[in-house]
Amino acid sequence: MKYVGIDLHKKTISACVVVKESGQRAVAARKRLECRDEAGIAAWFAELGKFEVVVEATASYEWFVKLVEPLAHRVLLAHPKKLRVIAESKRKSDKLDAQVLAEFLASDEIPLAYRPGPRVREHRTLVRYRHYTQRRITSVKNKLRHILAAYNTDVPHLFTAKGQEHLAAVKLSAADRFVADELSSELHRHQKRQAKASRELRRFATKAPLAEKEARAVLDSIPNVGPVTTDVILAELGDWRRFRSQADVACYAGLAPGFRESAGKAKQLGITKEGSRLLRWAMIELAWRMIRTSRKWGRHFTHLEVRIGAKKAIVAIARRLVGMIFTLLRTGQKYALALESSQPASCRSNSPRDTHPSDPACLRGQPRQASSLGAGVDYGGPLSVPRKRGSRSRKLHDLK
């Protein structure tokens, strides 16, 4: 058996062939090939005989894997982050990188990376393109508001039909009018692209296999989870059955806290922010919606906010949500609505990110619920910890 390590780049690939002789590994051949010469690459691999090949899971590995997969005994994807020996080496070159990969393959020590199937790859392409168009729309809107703010004429309803009439009536300089018209045209184009992407995603969902249809039904049962969030979760998680626990899913979403321990001293760090950035964004946005419309999640957020602040609390809620979603997908159960309520779970009147209470008598983020959830309790100010029931009466009794 020959073991081939591939250092893949945009224009070239560097290959190193390692064989085992008397229990020792030895380099048998090296080769540098052009990526556009696919026929030459296939011919060179066909001459190797029986071989295994490993390549790092970079952005452009798929074409290479499809090319050599019919010829190879086994094709492996190496996790770039876990294979840190290459990145941390003081002597680094394409030849050495390929050799390290080949030697790790020969000793069966390759940290494997997940390779999504064809449907998941198509789904990710559509979901990420729609997210791209949404970011462009947000950027253009901000630029338009910035222009009007310079004339003190910005209005909340700027992007409605009445708002567009207002924009056309504002007296702008010749340069600002030119930029505003161009941005308005760009906004219209991005909105059309986003609508097309949404239609394509709806068509894509109609051809879903049975497992995906069941997963969509489970996600549809969760409050505040709409088509956009559903597509992000399914596309970014891929095959959720590959995760062993909720902790693995939270780690994949980058919502798991870091941890360092040395000489008996331990320190908790912030979240890792590794893995899927889009999934992490979707979970944070879902967490903000849930704490505003759910008694259960609003109560969790309130208790955490008092201790650690709003930003850390919402990340903790997002981590719980992604774990809960993973459990529902794995078991096939739908979301239980026993503790849900249509009443808002936060005293914020405008934005869930507003850290100031809209009601001075209300604790930051404290739900306006029945007395069984703490309504009417004297909290002693917006940042104080709630006192236990009966504590004031006991103090008065002691004074007597």
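Analyst: The structure contains eight aromatic pairs, where rings of Phe, Tyr and Trp (its six-membered ring) pair if their centres lie within 6.5 Å. This is a predicted model, in which local features need pLDDT of at least 70 and side-chain atom pairs count only at pLDDT 80 or more, while totals for chains, interfaces and linings use all residues. Residues are numbered from 1 along each chain as its sequence is written, and side-chain values use heavy atoms, with hydrogens and water left out.

User: Why is the pair of tryptophan 63 and phenylalanine 64 called edge-to-face?

Analyst: Planes under 30 degrees apart count as stacked, over 60 as edge-to-face and the rest as tilted. The two rings of tryptophan 63 and phenylalanine 64 are 5.9 Å apart centre to centre, with 85 degrees between the planes, so the pair is edge-to-face.

User: What makes phenylalanine 64 count as buried, and how is tryptophan 63 classed?

Analyst: Buried means under 20% relative accessible area, exposed over 50%, and partly exposed in between, with a 1.4 Å probe and protein chains only. Phenylalanine 64 has 0% relative accessibility and therefore counts as buried, whereas tryptophan 63, with a relative accessible area of 27%, is partly exposed.

User: Which parts does the pair of phenylalanine 243 and phenylalanine 326 tie together?

Analyst: Phenylalanine 243 and phenylalanine 326 form an edge-to-face pair, at 6.4 Å centre to centre and 85 degrees between the planes. Phenylalanine 243 lies in the loop between α9 (227-237) and α10 (246-252), and phenylalanine 326 in helix α13 (residues 310-331), so the pair ties together parts that are 83 residues apart in sequence. Helices (H or I, at least four residues) and strands (E, at least two) are DSSP runs, numbered from the N terminus. Phenylalanine 243 counts as buried at 10% relative accessibility, and phenylalanine 326 is buried at 1%.

User: How do you know that arginine 242 lies over the face of tyrosine 252?

Analyst: The criterion asks for NZ of Lys or CZ of Arg within 6 Å of the ring centre and within 35 degrees of the ring normal. Arginine 242 lies over the face of tyrosine 252 at 5.1 Å from the ring centre, and arginine 241 lies over that of tryptophan 240 at 5.7 Å.

User: What makes β2 and β3 a pair of strands?

Analyst: Two strands pair if DSSP finds at least two bridges between them. β2 and strand β3 (residues 24-34) have ten bridges in the antiparallel sense, so they pair. Within β3, arginine 30 is the bridge partner of cysteine 16.
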